[in-house]
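Reader: Hi! I'm new to this one. Could you walk me through it?
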Amino acid sequence: MDAARTLGMGEWTIFGKVIMPNAWPGIAAATVLTFARALGEFGATIMVAGNIPGKTRTMSVAIYSFMQSGNRDKAYLWVGIVIAIYSLVVSKGERDEVTSRYQKDSG
């Protein structure tokens with residue numbers, strides 16, 4: 001990234017041409033592993049804890065219930081909320097890692 005900056009690339013260009021091509025294999029692997037994990041946890045949750053609203057309902061079970069009852073708008077809303085939360089957590093972690101690397105290099 002530093003080499004790209006010295007060559008005059010902007011931040012978004014660096015992101016699109018340097019970071020993302022290197023990150024795609026990891027993103028793809030994480031997506032597959034996350035999907036497999038979610039399927040396994042969903043089955044255990046629905047079988048053991050059940051689906052009691054306000055007591056044992058998890059987000060994945062709530063999304064499933066909304067989809068089964070035909071309330072797709074609520075299901076999509078919860079999917080969006082989950083994606084937003086995960087995006088914030090991942091971006092915060094990435095920012096902290098970049099900041100710590102920069103401080104190591106400059107200090």
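Reader: Thanks! How many helices and strands does the protein chain have?
Author: The protein chain has four helices and zero strands, where helices (H or I, at least four residues) and strands (E, at least two) are DSSP runs numbered from the N terminus. Along the sequence the pattern reads α-α-α-α. This is a predicted model: local features need pLDDT of at least 70, side-chain atom pairs count only at pLDDT 80 or more, and totals for chains, interfaces and linings use all residues. Residues are numbered from 1 along each chain as its sequence is written, and side-chain values use heavy atoms, leaving out hydrogens and water.

Reader: What about contacts between residues at least 6 apart in sequence: what share join residues at least 24 apart?
Author: That share is 0%, with contact meaning heavy atoms within 4.5 Å.

Reader: New topic: which elements give two or more residues to the lining of the second largest pocket?
Author: That pocket holds about 550 Å³ of space. A pocket here is an open set of points on a 1 Å grid over the protein atoms alone, where a 1.4 Å probe fits, with protein on both sides within 12 Å along at least five of seven lines; lining residues have an atom within 4 Å of a point. The volume is the space filled by probe spheres set on the points, which are joined across faces, edges and corners. Helices H2 (11-49), H3 (59-68) and H4 (72-106) are the elements you asked about.

Reader: Which gives the largest share?
Author: H2, with eight residues.
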